[in-house]
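Colleague: I'm new to this one. Can you walk me through it?
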Amino acid sequence: MPWEDKPANEKGVIWRYSANPIIPRDLLSTSNSIFNSAVVPFGDGYAGVFRCDDTNRRMRLHAGFSRDGIHWNIEEDDIRLTGADAEVGTWVYGYDPRVVWIDDRYYITWCNGYHGPTIGCAWTTDFKTFHQLENAFLPFNRNGVLFPRKINGNFAMLSRPSDNGHTPFGDIFYSESPDMKFWGRHRHVMSPAKFEDSAWQCTKIGAGPIPIETAAGWLLIYHGVLASCNGFVYSFGSALLDPHEPWKVLARSGPYLLSPQKDYECMGDVPNVTFPCAALHDPATGRLAIYYGCADTVTSLAFGYIDEIVAFTKRTSIV
Ligand code: BMA
């Protein structure tokens with residue numbers, strides 16, 4: 001998997017790839033921006049679902065492939081979903097995908113336009129044919145993130161009920177489904193932090209990459225938003241969720257892991273946004289590679305060690 005050792009002068013728990021951003025905004029002939037995207041191991045390399053906003057500024061999803069997880073070939077044509085009930089299968093827009101392998105196939109979730117944003121679901125085995133399922137929830141909802149295995153015998157998903165615009169609020173919730181069609185057992189997970197405790201996450205929060213199972217619980221990387229006088233600022237931090245009842249938060253970082261500080265994070269179509277949607281990890285070494293969108297324009301990588309992020313989460317916890 002992609003990796004670069006921690007620079008000697010790095011003070012943070014995670015560190016940026018020195019060649020960021022890894023995906024330029026104009027990689028495709030029609031792309032205005034490529035960001036907030038999801039990757040997974042696939043074959044002898046990697047595959048992904050990429051958020052590509054086109055030069056009409058329409059939000060589209062494109063499949064992509066890579067040998068090393070750093071250099072990507074992204075399909076010029078956008079993903080055409082198949083098999084959905086005709087009433088929900090009409091494409092309106094799609095953004096902020098996540099991808100996860102569960103049992104025998106890859107599942108994709110994304111923010112899907114259906115009378116406003118909600119959580120779209122599909123599956124694939126080859127990243128060529130994508131079979132659309134029912135939307136998981138009613139509008140309005142964003143940041144639908146599946147757990148990588150069933151919990152209590154059910155598919156399990158985090159999501160963030162929202163509004164139809166640039167939502168100024170947002171808590172993370174947990175839901176279960178026996179069949180990826182009917183969702184219930186909704187549980188509250190966590191709210192934005194108090195401003196005086198952790199301001200980077202005091203306006204709204206949303207799950208990021210697929211949670212990672214560790215001996216200390218589910219490690220969740222999530223984004224948090226500060227409403228500054230210059231607009232929203234998107235940073236990300238970490239939480240540990242109960243292994244059996246993942247709606248129970250065991251620990252939650254007070255400081256962020258990463259916030260918009262580099263030029264490519266602070267300048268772009270939407271300044272001051274770092275938005276993680278995927279992570280690769282290697283159980284043998286504990287290495288973690290986080291893929292995050294920058295300024296709603298390009299895609300970057302950051303690295304860390306899972307055990308160091310777990311220790312940081314516990315050490316700095318605000319719960
Ligand atoms: C959120 C989503 C993200 C985006 C962020 C900052 O509401 O739309 O895709 O990165 O706003 O614009």
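Colleague: How far is an oxygen atom of the ligand from an N or O atom in the side chain of Tyr234?
Modeller: The distance is 3.0 Å. Keep in mind that this is a predicted model.

Colleague: And how much of the ligand does the protein bury?
Modeller: The protein buries 85% of the 300 Å² that the ligand exposes when taken alone.

Colleague: What about the side chains of Arg51 and Asp96?
Modeller: An N or O atom in the Arg51 side chain is 2.7 Å from a ligand oxygen. For the side chain of Asp96, the distance from an N or O atom to an oxygen of the ligand is 2.7 Å.

Colleague: Which residues surround the ligand?
Modeller: Asn36, Arg51, Tyr95, Asp96, Tyr234, Val270, Val273, Phe275 and Asp296 surround the ligand. That shell divides into five nonpolar residues, one polar and three charged.

Colleague: Which pocket does the ligand sit in?
Modeller: The ligand sits in the largest pocket.

Colleague: Switching topic. What is the strand order in the open sheet?
Modeller: The order is β6-β10-β9-β8-β7, five strands with mixed pairing.

Colleague: Why is one side of β6 and of β7 left without a neighbour in the sheet?
Modeller: Because β6 (81-82) and β7 (94-102) stand at the edges, each has a single partner strand.

Colleague: How do β6 and β10 run, parallel or antiparallel?
Modeller: β6 and β10 run parallel. Two bridges join β6 to β10, residues 130-132.

Colleague: Which residue in β10 is the bridge partner of Leu81?
Modeller: Phe130 is the bridge partner of Leu81.

How values were computed: Residues numbered from 1 in each chain as written. Predicted model: local features only at pLDDT ≥ 70, side-chain atom pairs only at ≥ 80, totals over all residues. Heavy atoms only, no water. Near = heavy atom within 4 Å. Polar contact = N/O pair within 3.5 Å; in protein donor to acceptor, adjacent residues only side chain to side chain. Areas by Shrake-Rupley, 256 points an atom, 1.4 Å probe, with all protein chains shown as cover. 1 Å grid on protein atoms, 1.4 Å probe; cavity = no way out; pocket = protein on both sides within 12 Å on 5 of 7 lines; lining within 4 Å. Sits in = over half its atoms within 2 Å of the grid points. Nonpolar A, V, L, I, M, F, W, Y, C, P; charged D, E, K, R; others polar. Pairing = 2+ DSSP bridges. Helix = DSSP H or I, 4+ residues; strand = E, 2+ residues; numbered from the N terminus.
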